[in-house]
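Q: Could you walk me through reading a few features from a structure file? Please give the general idea, then the case at hand.

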Amino acid sequence: MAPGIMPLSCCRAVPKNDGAKKPASEMVPDQHWKLQVFYLCFYGFMTQIRPGESFITPYLLGADKNFTKAEVTNVITPVLSYSYMAVLVPVFLLTDYLRYKPVLVLQSLSHISIWLLLVLGTSVLAMQLMEFFYSITMAARIAYSSYIFSLVTPSRYQRMASYSRSAVLLGVFTSSVLGQLCITLGGVSFLTLNYVSLGFVSFGLILTLFLERPRRSLFFNRPAEAGDAAVPTELDRMARGDSGRGTQGWRDMVLCRMLQELGALARQPQLRLWSLWWVFNSAGYYLMLYYAHILWNEISPTTDNRRVYNGGMDAASTLLGAVASIAAGYVKIRWTLWSELVIGVVTAFQAGLLLLMNSTTNIWLCYAAYILFRGSHQFLVPIAIFQIATSLSKELCALVFGVNTFFATVLKTVMTIIVADKRGLGLSVHPQFYVYFGYFTLLAVVYLLAAIRVGVQHSHRRQPVELALAKEPCQLPVEIPAQEKSLEVGTVRA
């Protein structure tokens, strides 16, 4: 192990010392933190109510804006990938340094800017600026998801995080259903729906102003008594390790050492595998999402807004994704042996769905493939989170997912430049989906070959043990002590 790097075992949970002094967060009145969590979940639900979001692409291509498919595909949409890569790291750092609330205010202001530009903008430049503000809202989602950690004690993290995530999913589902009902049954125009969305996001800004600004955050604003907490964190341990190194700021030293720790963690096979899945598959997943609505318009061009079912499909895919995420929690297999095979099969399935989406002329088949594609990705997400985070502190976990997301964004941006941007190949939507099909097919082949290699290695490890047992002379049955039995069984399973 390199000097100065903490042992990997330090990332695991530390048994709670009941006699230790409770952190300040546990001294908060019981009802107060419950009200804070309830308000945060309500805020998360309401800020997702943007019924016009599912219909932005047909709105841009329709009579209201009258942009061409080439402009939307090759000039406007690529800006989202570029700007997201540019703002991701600054927003990630500012979220923690400014303690969440200012970034949530920035997110709400960006939402308002998006719909003002959609309603009032008429030029390609205005729509590119709209995509820039959209990238800020995407990067700022980390502020909402990590805000919960400042409100509750570590023992409540998992349950409270599930509540906040469920509130978001319910908001997305409600928003999509509301938008579809307005279009199909109410005969509401896309422009009117955007005005309604503008009203909801303006209300979201008001809700943001009433959020309490936490006194602490994960990295930059830790309380002085954090080291006395019942469960010391990774930063507390590293900060104590740096206490004798002069007057140099501990934050810089800690972040550098945590990055070194990530290098050591990368040697763990399961963490490396699922991190690579996060990077490569997420890049292709989001590119599919960005261009799916354009593909639908290509397959089924219609001037009758009531026959545009984008909202219904987004609602159905969100619901299936939530169900798949829950179902993933009940899958009990030996992941060290079967991870590559599961990822390979799911990725091959996604490749087939992409081919179906791109080759069919039936819009309903394309809708079904889209829903299944999103559901299959969401099935693997909680498994990846568990496999990555199971042996990490929350600080290292945040860094790992931050690094993974950044590399996925870089890869997505490179693919956008090559495939979609007019300065690259500038492909239309159908050739793009053939590229994405080839990309997922290549990933599936790599994962399945890795699964074969793992299977062969596991078989070779079992053979010497089985041969050794077969060569032993026959003996009368002898009672084996329980301890030796367990050791023998552990050897055979290894």
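Q: Is Glu-298 buried, partly exposed or exposed, and why?
A: Relative accessibility decides, and this is a predicted model, so the value is computed from predicted coordinates. Glu-298 has 33% relative accessibility, so it counts as partly exposed. The cut-offs put buried under 20% and exposed over 50%.

Q: Which residue forms a salt bridge with Glu-298?
A: Look for the closest N and O atoms. Here Glu-298 forms a salt bridge with Lys-69, and those atoms are 3.1 Å apart. Glu-298 lies in helix H12 (residues 269–299) and Lys-69 in helix H3 (residues 69–76), so the pair ties together parts that are 229 residues apart in sequence. Lys-69 is partly exposed, with a relative accessible area of 32%.

Q: How many salt bridges does a search of the whole structure find?
A: Five. One of them joins the side chains of Arg-374 and Asp-314, at 4.0 Å from N to O. This pair links distant parts of the chain: Arg-374 sits in helix H15 and Asp-314 in helix H13 (residues 310–328), 60 residues apart. Both Arg-374 and Asp-314 are buried.

Q: What describes a pair of aromatic rings?
A: The distance of the centres and the angle of the planes. A search of the whole structure finds 18 aromatic pairs. Among them is Phe-132 with Phe-133: 5.7 Å centre to centre, 65° between the planes, edge-to-face. Phe-132 is partly exposed, at 32% relative accessibility.

Q: Why is the pair of Trp-364 and Tyr-367 edge-to-face?
A: Planes over 60 degrees apart count as edge-to-face. The planes of Trp-364 and Tyr-367 stand at 80°, with the ring centres 5.3 Å apart, so the pair is edge-to-face.

Q: Where do Trp-364 and Tyr-367 lie?
A: Start with helix geometry. An α-helix has 3.6 residues a turn, so residues three or four places apart point the same way. Trp-364 and Tyr-367 are both in helix H15 (residues 363–389), three residues apart, about one turn of the helix. Now read their accessibility. Trp-364 is partly exposed, with a relative accessible area of 48%. Tyr-367 is buried, with a relative accessible area of 5%.

Q: Which residues form one aromatic cluster?
A: Trp-274, Trp-277, Trp-278, Trp-335 and Phe-401.

Q: How many residues of H5 are buried?
A: Count them along the helix: 14 of the 20, so H5 is largely enclosed by the rest of the structure. At 1.5 Å a residue, the 20 residues of helix H5 (residues 101–120) should span 28 Å. The end C-alpha atoms are 28 Å apart, which agrees.

Q: What does Thr-347 touch?
A: Set aside residues up to four places away in sequence. Thr-347 then touches Asn-281, Phe-440, Leu-443, Ala-444 and Tyr-447. Thr-347 lies in helix H14 (residues 335–359). At 0% relative accessibility, it counts as buried.

Q: Which backbone oxygen lies 2.7 Å from a polar atom of the Thr-347 side chain?
A: That of Ile-343.

Methods
Residues are numbered from 1 along each chain as its sequence is written. This is a predicted model: local features need pLDDT of at least 70, side-chain atom pairs count only at pLDDT 80 or more; totals for chains, interfaces and linings use all residues. Side-chain values use heavy atoms; hydrogens and water are left out. Helices (H or I, at least four residues) and strands (E, at least two) are DSSP runs, numbered from the N terminus. Buried means under 20% relative accessible area, exposed over 50%, partly exposed in between (1.4 Å probe, protein chains only). A polar contact is a pair of N or O atoms within 3.5 Å; within protein, one must be able to donate a hydrogen and the other to accept it, and residues adjacent in sequence count only if both atoms are side-chain atoms. Contact means heavy atoms within 4.5 Å. Rings of Phe, Tyr and Trp (its six-membered ring) pair if their centres lie within 6.5 Å; planes under 30 degrees apart count as stacked, over 60 as edge-to-face and the rest as tilted. The expected span of a helix is 1.5 Å times one less than its number of residues.
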